[in-house]
Amino acid sequence: MIQPVSKNGGHAKIGAHKDDESSLDQSVGIATLSFGACRDMIFSKKGCKSVRQALEAGSLLLMHDQKVWTHAIPPQPCVKEPRKSLTFRRVWSSLQQSLDEMERDYSIPPCKRLRRE
């Protein structure tokens, strides 16, 4: 899945969150390609010091361990230009999710298990 995002200047923000939805394949990372103004992203993990990373135009950020780490883009009012990004995620199909839920909830093994590769 490709998700385009456009933010107007440094007043725009994205609150701290994890990309840990069950529909996302957690075995692969999430890639974000940045364009426009340089903005900071803050990464946090319980029990660890937060890390600030500048997302410069043309940079590619790969994120893993989305069930553990949160990330956010804080407001930076001094930034006047917009930032745009393309985010790439692998999303499980509803068929795969249904098979996984049947196996988990009802202990019914599917005839042919789909591989997550």
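Which residues is leucine 61 in contact with, leaving aside its neighbours within four places in sequence? I looked this up and found Ile30, Ala31, Thr32, Met41, Phe43 and Leu55, taking contact as heavy atoms within 4.5 Å.

I note that the model is predicted, that local features need pLDDT of at least 70 and side-chain atom pairs pLDDT 80 or more, and that totals for chains, interfaces and linings use all residues. Residues are numbered from 1 along each chain as its sequence is written, and side-chain values use heavy atoms, with hydrogens and water left out.

**Core.** The core has seven residues: Ile30, Met41, Phe43, Leu55, Leu61, Met63 and Ile73. Strands (E, at least two residues) and helices (H or I, at least four) are DSSP runs, numbered from the N terminus.

**Sheet.** I traced an open, antiparallel sheet of four strands in the order E2-E7-E4-E5; strands count as paired if DSSP finds at least two bridges between them. Its edge strands, E2 (14-17) and E5 (51-55), each pair on one side only. Neighbouring strands are turned by 20 degrees against each other on average, direction ignored; the axes are lines fitted to C-alpha atoms, and angles run from 0 to 180 degrees between N-to-C directions. Between E4 (39-44) and E7 (70-73) I recorded three bridges, and isoleucine 42 has alanine 72 as its bridge partner in E7.

**Salt bridges.** I found two salt bridges, each a side-chain nitrogen of Lys or Arg within 4 Å of a carboxyl oxygen of Asp or Glu. In one, aspartate 19 meets arginine 89, with the closest N and O atoms 3.5 Å apart. Aspartate 19 lies in the loop between E2 and E3 (30-36), and arginine 89 in the loop between E8 (83-88) and helix H1 (94-106), 70 residues apart. For burial I used relative accessible area (buried under 20%, exposed over 50%, partly exposed in between; 1.4 Å probe, protein chains only). Aspartate 19 is buried at 5%, and arginine 89 is buried at 14%.

Arginine 52 and aspartate 40 form a salt bridge at 3.0 Å, N to O. Arginine 52 is in E5 and aspartate 40 in E4, so the pair ties together parts 12 residues apart in sequence. Arginine 52 is exposed at 51%, whereas aspartate 40 is buried at 15%.

**Cysteines.** I counted zero disulfides, a disulfide being a pair of cysteine sulfur atoms within 2.5 Å. Cysteine 38 is partly exposed at 36%, and cysteine 48 is partly exposed at 41%.

Conventions:
A nonpolar core is a set of buried Ala, Val, Leu, Ile, Met, Phe, Trp, Tyr and Cys residues joined through side-chain atoms within 4.5 Å.
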